[in-house]
Amino acid sequence: MEFWKQVPPNEPYRVILGDVRDKLYYTRERSRHLLTSGISEIPEEATFTNVEQFLEPLELCYRSLCACGDKPIADGSLLDFLRQVSTFGLALVKLDIRQESDRHTDVLDSITTHLGIGSYAEWSEEKRQDWLLSELRGKRPLFGSDLPQTEETADVLGTFHVLAELPADCFGAYIISMATAPSDVLAVELLQRECHVKQPLRVVPLFEKLADLEAAPAAVARLFSIDWYMNRINGKQEVMIGYSDSGKDAGRLSAAWQMYKAQEELIKVAKHYGVKLTMFHGRGGTVGRGGGPTHLAILSQPPDTIHGSLRVTVQGEVIEHSFGEEHLCFRTLQRYTAATLEHGMHPPISPKPEWRALMDEMAVVATKEYRSIVFQEPRFVEYFRSATPETEYGRMNIGSRPSKRKPSGGIESLRAIPWIFAWTQTRFHLPVWLGFGAAIKHIMQKDIRNIHILKEMYNEWPFFRVTLDLLEMVFAKGDPGIAAVYDKLLVADDLQSFGEQLRKNYEETKELLLQVAGHKDVLEGDPYLKQRLRLRESYITTLNVCQAYTLKRIRDPSFQVSPQPPLSKEFTDESQPAELVQLNEQSEYAPGLEDTLILTMKGIAAGMQNTG
């Protein structure tokens, strides 16, 4: 083949690029072998292990062409290729690794138990830190091949071994979900070393629940006080905050306010220790999971928390909407860039002391109201599973992850995605608004003059305005009448009154919101969006009714599909059967029901857009 033809030594550029060609081929093949079988006969020395090795011969050719007076040639396709390599590296995109902190705890517990020094899981946080630091500062191997491993332990250690085998440029950060303490970060650092990861990934703690967000600044400050860790991070740290689980834990209002305060405190801690902190926002596509207009979301962040750089997750359900086509991708990146620059050049105002006091009080009331219904009301779980398609969603393979973190358990074990998704399908959006009405009512009953402070906050404070505007948009897309249809068809008689109580709460919260915003009707200030929603209304309502009746039939064990007459004469020829839809033959439900349910789910989610 011409591709592999030997290059004459008197053609220096082709000689250099021929070597690049060979190494690229071996790099790809070695990675493919490692991923498929775990071993490769191709030595690592014959491959590119980082992007700098790839760039070096290309930059040499560029400099040589410029020195020989051929800069126009150098600035052509070679310069374009250099930019592509610098941007995309060897792996196109870097893969972040994400694992829960409890899984790392289980691995270390099995190690300490095997070594006979106790149970890591039962140690205090101080003892964990002391032991981890002593091991990180030492050089002895911690465990060998004789370590007893459960399936879960082998899975975690297997991930670290893959990190050690593949080129470092393939990976970005190692994110620890449900992080609570400094030991969670140190544990990952130790496991990276023990599994021989040559270039350890940067470790990013993800603080998700309300209590973890409150404790995050102290946990990060403790990390920064450790000399070993400061030498490791080289003055840079990334911290991720989770919008989804914090909202599920305490409600949208309380979670948003706690994340605002946590960011302020984290920035203060980083400045004190001279560390450049990058905030990583774990936003979902839905309002209940931190979603909403990108530009407004960035501008509502606390002052001094961005400084020209931030990371944001783009969830699966909005990737196509924001990046599916070239012009959409360009526009989305423009919005991120413009908002980031604007936040730095014209930072939003800091909240006044009286605003903070009011928000603190409202957050306490909102959290209490939210948790009293979601976690303490004995009828809630049964009502939730009856009135929404959550149970069916969990049994169908349509999500990116299992709907629950643990097979058993109630709302606590349910992931945020199906939690929000289920309420979105019924157009009730309970996780977004629950608690807000009680907080506003409490503040106004305490002192009627507080309504003027709330209006001042709405008009002058970007964070509060964006929070309320997003809530108003959710109310515009919601419809308690549709939720009532689901209740009538699916909910037991003894739970009907509970549903009516929640819908009354919905209407009261909506009125209080409009009073604070000074609006007579929802989306009064956005007639364009209001018109778009009006056009979608009839289509989404039809899908909702169809879904409710489909759920009723799915839950009826005696329901049987009866043959229907053909739609038209062209389908009457039995020798040439025709199907409008290819039905799922593996479904556990009666023919066509699961397919109908999935179609309605997709349609409603598309119609709801950033609340779907």
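Helix α8 (residues 210–224) has 15 residues, which at 1.5 Å a residue should span 21 Å; its end C-alpha atoms lie 22 Å apart, so the two values agree. The expected span is 1.5 Å times one less than the number of residues of the helix. Helices (H or I, at least four residues) and strands (E, at least two) are DSSP runs, numbered from the N terminus. The model is predicted: local features need pLDDT of at least 70 and side-chain atom pairs count only at pLDDT 80 or more, while totals for chains, interfaces and linings use all residues. Residues are numbered from 1 along each chain as its sequence is written, and side-chain values use heavy atoms, with hydrogens and water left out.

At A216, α8 bends by about 45°, and a proline, P217, follows within four residues. The bend is the angle between axes fitted to the seven residues ending at a residue and the seven starting there. Buried residues of α8 include L210, A216, P217 and F224; buried means under 20% relative accessible area, exposed over 50%, and partly exposed in between (1.4 Å probe, protein chains only).

Strand β3 (residues 202–207) has 5 of its 6 residues buried, so it is largely enclosed by the rest of the structure. Strand β2 (residues 171–177) runs parallel to β3, joined by 4 bridges, and Y174 stands opposite V203 in β3. From β2 the chain crosses through helix α7 (residues 182–194) to β3 in a right-handed β-α-β crossover, meaning that, with the strands pointing away from the viewer, the path from the first strand over the helix to the second runs clockwise. Strand β4 (residues 236–242) is also parallel to β3, with 2 bridges; there L206 stands opposite M240. Two strands pair if DSSP finds at least two bridges between them.

Aromatic pairs number 31. Rings of Phe, Tyr and Trp (its six-membered ring) pair if their centres lie within 6.5 Å; planes under 30 degrees apart are stacked, over 60 edge-to-face, and the rest tilted. Two of these pairs are tabulated below.

| Pair | Centre distance | Plane angle | Class |
|---|---|---|---|
| W257 and F463 | 5.9 Å | 45° | tilted |
| Y370 and F375 | 6.4 Å | 65° | edge-to-face |

W257 lies in helix α11 (residues 252–273) and F463 in helix α22 (residues 462–477), so this pair ties together parts 206 residues apart in sequence. Both W257 and F463 are buried. Y370 is buried at 0% relative accessible area, whereas F375 is partly exposed at 26%.
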